[in-house]
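Hello,

Here is the structure I promised to pass on to you. Have a look at it first, and my notes follow below.

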Amino acid sequence: MKSYQEFFAELKRRRVFRVAGIYGIVAFGVLQAADLMLPRLGLPDWTVTFMVALVVLAFPVVLIMAWAFEVTPEGVKRTDAAEPGEIEGIMSAPALQRWPVGLLALVGVLALVASTWWIARRTAPETGPADTTSTPADVRLALADPADDARPSLAVLPFVNMSADEEQEYFSDGMTEEILNTLAKIRELRVAGRTSAFAYKGENKDLREIGSELGVGYLIEGSVRKAGDRLRITAQLIDVSDGSHLWSDQYDRAMDDVFAIQSEIAEAIADALKVPLGLNDASELVRPTADLEAYDLYLAGRGHIRSRGQGLNEAIKLFEAAIARDSTWAPAWAGLAEATELLTWYADSWEGGRPEEFTDQIAISTELQQAAEVAARRALALDPAVAAALVALGSVHRNRSEWDESESAYLRALEIDPDNPEAFQQYSEMLGFVGRVAESVRTAERALALDRSPIKILIYANALASDGRADEAIEQL
């Protein structure tokens, strides 16, 4: 029987060490890329596990193939037996010639083991129930079963643009969203998400049917007319059960009263539904800017965010223009953070298009994430209670695999705004990435209860699939 030195020499002659080293290093890169990219493509966690199993199981096969065969100019053929004295020559070579290839193999094996261990640890299932004792009360309320939520529920339907200029459509849509956001700050109300309500824009549908489809008890509808520096807003609150009007009003004001109108509408609706504002002053419901041009730019930016894709580039420019006019207004910074973070996932809409080189794509993504973080932190420095900035910051941390920081930001956003569907959606994705599947399902379900938009249905279906509930996932899809 050959000695172990002869065996190692034979491994070196057959290039098994070299193959092991190269395979391990390449596998490390492949697994890290799969761990980063596959979940972001919406694929379930088991696809990453499958990649790990495939790479690990293929390793001994590759080593056996390297032992048995060699690549020659004539093609692949079985490895010939060693020439007389060839093994002895390898064994007697200086250490500087013998050791490097062995070290390469060791590095490759360690890289393969390390990447496998990290992914297995990250995707390991939960071993027990989540600790909710330290979760803020508002977040525990938000995570409760929607069926147990006894608060009055309402949706704000898109306000009709009554302006002579059809291009003012963004303003009426923006006012709808701002009134929705204002009402969402009243803790005793449950407000359906913007995307769900906007699905009914332009439809002449029975309001009771809309309320039933949205799962709400009340609807708000109205119109906006903007002419120069004058503004007319009408709004009415409708009981879905019988179609009756509980409240209605009309506001004819100068544009600089726009924030006061939002507060007054929210206050009137809360009064009609007999729920407390939960605030010292109704003016706390809005965050005004002294520059109305900045506000106009901000509303236009929000409109472009809704269109995604190339609209995100326009949104960024509009938010930057709003900030140039009022650099102390937190919502504009939060909008900039949100649009910049989202643009990361729309590579085909990057300025100049998606680069062919993967390293260039990573560099641009990193730059966008850094810019989003700067904008989010600036918004929070101006106003620590801007939930949108916290959601954007949580997503930046999530994209960097900074799980603790990401979860902290999402939970803080939900503490401020317990009915924020975007916070629930992004938080659910983070929970799925770290293997907390049961929590991911529950959080995605809450996002969907607040906003039945296609993306939230998809996220919920993915969470169900990761939890092994394929039939339910297919039903959602």
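**What I found**

Ser365 has a relative accessible area of 18%, so this residue counts as buried (buried means under 20% relative accessible area, exposed over 50%, partly exposed in between, with a 1.4 Å probe and protein chains only). Ser365 sits in helix α14, residues 358–382 (helices are DSSP runs of H or I with at least four residues, strands are runs of E with at least two, both numbered from the N terminus). Setting aside residues up to four places away in sequence, Ser365 touches Thr344 and Trp350; contact here means heavy atoms within 4.5 Å.

A word on the basis: this is a predicted model, where local features need pLDDT of at least 70 and side-chain atom pairs count only at pLDDT 80 or more, while totals for chains, interfaces and linings use all residues. Residues are numbered from 1 along each chain as its sequence is written, and side-chain values use heavy atoms, leaving out hydrogens and water.

Tyr251 belongs to strand β8, residues 245–254. Tyr251 is buried because its relative accessibility is 5%. Apart from neighbours within four places in sequence, Tyr251 contacts Leu231, Arg232, Ile233, Ile261, Glu264 and Ile265. Glu264 lies 13 residues from Tyr251 along the chain, and their C-alpha atoms are 9.6 Å apart.

And which residue shows 62% relative accessibility? That is Val76, which therefore counts as exposed; Val76 is part of strand β2, residues 75–78.

Enjoy exploring!
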